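Please find below a short note for a colleague who is meeting this structure for the first time.

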Amino acid sequence: MNAQPIHFKPSEGFRARSKAVVDNPFLRQSFRGAMDFLMSKRAAQFPDDEELQSLRSLGEAIRQYNLAKLPELLERLEANLTRNGVQVHWAETPDEANAIILGICQRHSAKLMVKGKSMVSEEIELNHAAEAAGIGALESDMGEYIVQLANEKPSHIIMPAIHKTKEEIARLFADKVLGVDYTDNVDALIQIGRNVLRQKFLEADIGLSGVNFAVAETGTLCLVENEGNGRMCTTAPPIHIAITGIEKIVEKLEHVPPLLSLLTRSATGQNISTYFNMISSPRKPGEKDGPEEVHLVLLDNGRSQAYADEQLRKTLQCIRCGACMNHCPVYTRIGGHAYGTTYPGPIGKIISPHMLGLEATSSMATASSLCGACGEVCPVKIPIPELLMRLREEAFSKPHADPVMRGQGAGYSRLMTSVWRSWAAVYRSPALYGVVTWLGSRFGWLMPSKQGAWTSVRVPLKPAPKRLRDMLRERG
Amino acid sequence: MTQSKTLPPRPADVYFFATCVIDQFYPGAGMDAITLLERQGIRVHFPEEQTCCGQPAYTSGFPDEARKVAAHQLTLFPQDWPVVVPSGSCAGMMKHHYPMLFAADPVRKAQAEKLSVRVYELTQFLVDVLNFKPEDCGSDCTVVLHTSCSARREMGVHLTGRQLIGDLKNVNLAQQDHESECCGFGGTFSIKQPEISGAMVEDKVKALKATGAERVVSADCGCLMNILGHAAWKDAQEGRTTPSLPGEHIASFLLRRTSK
């Protein structure tokens, strides 16, 4: 496994970052309102539970079918894209992906890259790499544009600027966009963004986009978007570079409609997105528009690690709708930035360990009450709570040779392991359990009034003076 | 998950798996559940060797330790009787996770699968098997019901508690905001991520209190420990001497309402 060194460990400072949001009533209210809105939009799209469940089963089956054939499909995709004139590149790490993209830019002496929304480009931190190479990278999705102006990262995979109020955006535009006066009229703000971006689409040397579904049998890249900026990025500049993870592949065109329907309904509560682009080739001789070159960068970045394990492979079923975050009580409390990972929320907790290793992410797996809301809404039925338990096991078990995950055992603690061993010794033995719980019931009054984190917001736990078994014995 | 409605005939005997939380912290709820079942003419058997379903270790990432404890519980129910559990969370562990926990042990896996089909959450058993229609003997009151995430999403029994309370003619069931949201307990989650868990239980208690209900009832003592523990802490912080949000297990509530 060729893994990139990590400069940032999301686990470190996670509790402090969470606390900062939890202690901010304004942010708490703002996230709650936004998530309520998204949940109600999705619910309105699925009034019939039976239809929803059969569609989810179909989505799951399609994703599992395609993952089962992934190596073969990747080869077919490459062959068919190449036949169509699209140049295919393989990147194992973010650094490799950046080198490929910047290499293309440099070959064309590119000065400006205009970007459609792509979480994989966030994953590889392309904007930083481009800046370091002297190439401008401008986000053209409105949310991403806002986040870029604010010098922040997306806090949600679908709605990158969901953490910002319109007043904050108004101030940001007035401060950062030349010749703009303060307005918190949403339509006016959108118009400001459009005016800036329109010119950039024409100036840009490179258009970069993500991919929602790559169809192997036809060599087609499908792109879902709402603002038309995706179409601009992939048609106006002379070079189009698409980047995606290796798992976003389907064999057949007929696999796309059910997944698309699940995606837009689960993500934004839309029947269908405003734009759906299918890109099959660069401009052909005699055609008047379209890029002269189209490239696809296929990124691994830990995905093949997840793929190698039957259970962890389910992580790769994800179609990146974000419904798991919208329904997550933890995400609702702390927002996306607290996670410190490119992908926040439940999906972030299960995919990030493969990208960054468990050493950097081990505490994130514990940040779930396992309530199951994510698994319940996942359109492709990823058993997220089950995977979180598996990641806990991988993180806390004693490091061993030949682990399935990078960083296995990173959270291992001899003390914690011996606590659970002692717990098991007591609870597997009725005699020991009897003695320990009897002592608890008799000396419950000795329980300390401070019980660590439990009593930070709760009264202490005290065993009842009589156990149920004592009460039953007395009753006879 | 939808539950199969092809249920066994009314049994004469059941096993009662009390759960370690009820045995040690809420024994009254266990007694009330047993009494409630006995009043329906059921002989209730309490295997004295029972301890814990193993869930705390299982969800914390220690499946080996969970397996040792779960293996012991597998031996406790030799007769083909239903196993009634007054907790959606522990019932979910036994019904849905035991077969997975023993996936690599063919003998125990077979035992776990045989047990799995006999495991019922208490309110599910009362409604779906006993067809229990509680007759209300109490005066007018308003309560609010908190359903655990395991009861709702793993066991799929979020409607049975609601139905039982709905049958009580003098009881008004209030509806809290964000009803289906987790209370923030989550076992070791509450101590590993106390800030997030604390925020969740704070919001849950606020939503429950905002209904104006005089008490909260739940079929899961893990949630009650968390919800009532926070409500009492808040009362102490704010100098209240009477609980602003009393609560109890649904078995205790049902038993009292149906006692003359």
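Predicted model: local features only at pLDDT ≥ 70, side-chain atom pairs only at ≥ 80, totals over all residues.

1. Residues are numbered from 1 along each chain as its sequence is written, while chains are lettered from A and ligands numbered from 1 in the order in which they are written.

2. The predictor assigns the complex a pTM of 0.96 and an ipTM of 0.95. For chain B the average pLDDT is 96, and 97% of the residues score at least 70; pLDDT is the predictor's confidence in each residue, from 0 to 100.

3. The contact takes 47 residues from chain A and 52 residues from chain B (two residues are in contact if their C-beta atoms, placed from the backbone, lie within 7 Å). On the side of chain B that touches chain A, α11(B) gives the most, with 9 residues; helices are DSSP runs of H or I, at least four residues, numbered from the N terminus.

4. In chain A, helix α16 (residues 345–356) and helix α19 (residues 384–396) pack at an angle of about 40 degrees, and their axes are 10 Å apart. Axes are lines fitted to C-alpha atoms over the stretch in contact, and angles run from 0 to 180 degrees between N-to-C directions.

Conventions: Helix = DSSP H or I, 4+ residues; strand = E, 2+ residues; numbered from the N terminus.
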